[in-house]
Amino acid sequence: MITKFFKKIYNFIDKCIVVPISRAVYYLSKKFKKNQGKLDKILNRPHFLIYLSLIIAVALFLLIDSKVISLVETEAEVIANVPVVVKYNEEAYVVEGVPETVDITITGRKSDIYLAKQLGEYEVILDLSDYTPSDTPYKVYFTYSKSIDSLSYQLSPEYVQVTIKNKESQVMPISYDLLNVDALDSRLSVESVSLDKSEVVVKGGSDALAEIASVKALIDLAQQDFTEAGTYDVDNIELAAYDSHGNRLDNIEIVPETISATVVLESYSRTVPISVETTGELVTGKAIASILINNNTNYSITIYGDKEEIDNIDSVPVTINVDGRGNESTWTYDVNIRKPNGVREMSVETVEITATFGEEQQTTIDISNDIKEMNLTDGLRVNILNGEEITVQVKGVASVLENIENEAINAYIDLSGYTAGDYEVEVKIENNNPLLTYVVSTTVQIRITET
């Protein structure tokens, strides 16, 4: 290795110094022919060119090293996000106003800057060892070490305004938040969470402690290996303090910093039918005779989610557009099923719906005025003043109309936006059967009063 090193130095001197000097001397000798003889004698002396090259090389080295000659221009580079080390009594005091990092600008020769970056020895210190608590902020300068003395160092910022307060503590109850719920397998849901602690100690300045509204354990479902229903023990759960607006408080110390919890996962599901709704108008004189979903008159799917959510779902609706249809005997739709609120997974996401059309007929039936009131504002009550029967015209194909007595026909009045007073209101029919159309011309007199 040493031989190769010196060989490289020799080749460098020969190529970059000896050869250029030899060419220069030869050029001068041709210019000054009168002194040709003397020059030849000098040049013919053994090792003359080597000694001359060595002398020039040493001279150049001394000039460059003493910065009389600079082969590289001065440059500057920013070392960003250098951590700040704060020295103070952490058990007794709280320090506010200290940034986590600062930037250092180093200026000098490029080679020195490169060396400084390679060393990577940057330590910025804020020494508060001799400071005591005070309501008045202190102006304190950072201190730092210089890895290369030939460089110029500039901190940004150079100093900070810090406030030192006595550290206080209090006991707070803890709850939990579930993070990244979407990362959980869509067929799984969290049934229960049990924390191994119900209280923790929070420490900080009196002002900071007064801001605390809640302390929560942050259970990140994305970081756990939750693959199936069961009971899981989760350790090292991070704790965080929040104010009344839900903002996280970073100037609070929580003891302990982490806790453990037991998470119980379940895979809750329910089977519900698909209900078909229509939009648009069929051609005049036509009606829907039958609807098949994946070639079945009654088709159900399995939905997954939290029990309290999906227990309130009795069916999953899909919509088909029948506008202008009816002249064909059948029409087939490929329909994407939209997940109802609270449903995370469905056993089927698309279905094929086949609608069969026939000639429309109609019949008239009378129902009692057992009318439901819907969307009445709180604090109001309604009385129906007239008690006449309600006449309903029902349209559909003959085979459907024959079974109309099996249909539960529910009448209602929509009272959205109504205030106290007397009104004449249109009666409507709840229609959950896409094979039937209801027409009501009846109105009722109502009186709305305050409760």
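Let me start with a term: buried means under 20% relative accessible area, exposed means over 50%, and partly exposed is what lies in between, using a 1.4 Å probe and protein chains only. With that rule, Lys372 counts as partly exposed, at 39% relative accessibility. We'll come back to Lys372.

Okay, a word on what we're looking at. This is a predicted model, where local features need pLDDT of at least 70 and side-chain atom pairs count only at pLDDT 80 or more, while totals for chains, interfaces and linings use all residues. Residues are numbered from 1 along each chain as its sequence is written, and side-chain values use heavy atoms, with hydrogens and water left out.

Now the overview. The protein has seven helices and 32 strands; these are DSSP runs numbered from the N terminus, helices being H or I with at least four residues and strands being E with at least two. Of the 451 residues, 31% are buried. Then there are contacts, meaning heavy atoms within 4.5 Å. Among contacts with a separation of 6 or more, 73% are between residues 24 or more positions apart.

Let's go back to Lys372 and its sheet. A bit of background: strands of a sheet pair through backbone hydrogen bonds, either parallel or antiparallel. Here we count two strands as paired if DSSP finds at least two bridges between them. Three strands form an open sheet with mixed pairing, in the order β25-β28-β30. Which strands stand at the edges? They are β25 (372-374) and β30 (428-430), each with a single partner strand, so one side of each has no neighbour in the sheet. From one strand to the next, the twist averages 45 degrees, where axes are lines fitted to C-alpha atoms (for helices, over the stretch in contact) and angles run from 0 to 180 degrees between N-to-C directions. Strands β25 and β28 (residues 410-414) run parallel and are joined by three bridges. Lys372 stands opposite Tyr412 in β28.

Next up, charges. Side chains of opposite charge can pair when their charged atoms come close. Our rule for a salt bridge is a side-chain nitrogen of Lys or Arg within 4 Å of a carboxyl oxygen of Asp or Glu. That gives a count of 12 salt bridges. What does Lys372 pair with? Its partner is Glu430, with the closest N and O atoms 2.9 Å apart. Glu430 lies in strand β30 and Lys372 in strand β25, so the pair ties together parts that are 58 residues apart in sequence. Glu430 is partly exposed too, with a relative accessible area of 22%.

Here's another one: Glu253 and Lys167 meet through their side chains in a salt bridge, 2.7 Å from N to O. Glu253 sits in strand β15 (residues 253-255) and Lys167 in the loop between β8 (159-166) and β9 (168-179), which puts them 86 residues apart. Arg270 and Asp314 make a salt bridge as well, at 3.5 Å, N to O. Arg270 is partly exposed at 26%, whereas Asp314 is exposed at 55%.

Last stop, a helix. In α4 (residues 110-119), the buried residues are Asp112, Ile113 and Ala116. They cover an arc of only 100 degrees around the axis, which puts them on the same side of α4; the arc is that of the directions from the helix axis to the C-beta atoms. In general, an α-helix has 3.6 residues a turn, so residues three or four places apart point the same way. What do the buried residues of α4 pack against? They pack against β1 (74-87), β3 (101-109) and β7 (152-156). The face turned away from the buried side carries the exposed residues Tyr114 and Gln118. Just after α4, Gly120 takes a positive phi of about 60 degrees.

That's my tour, thanks!
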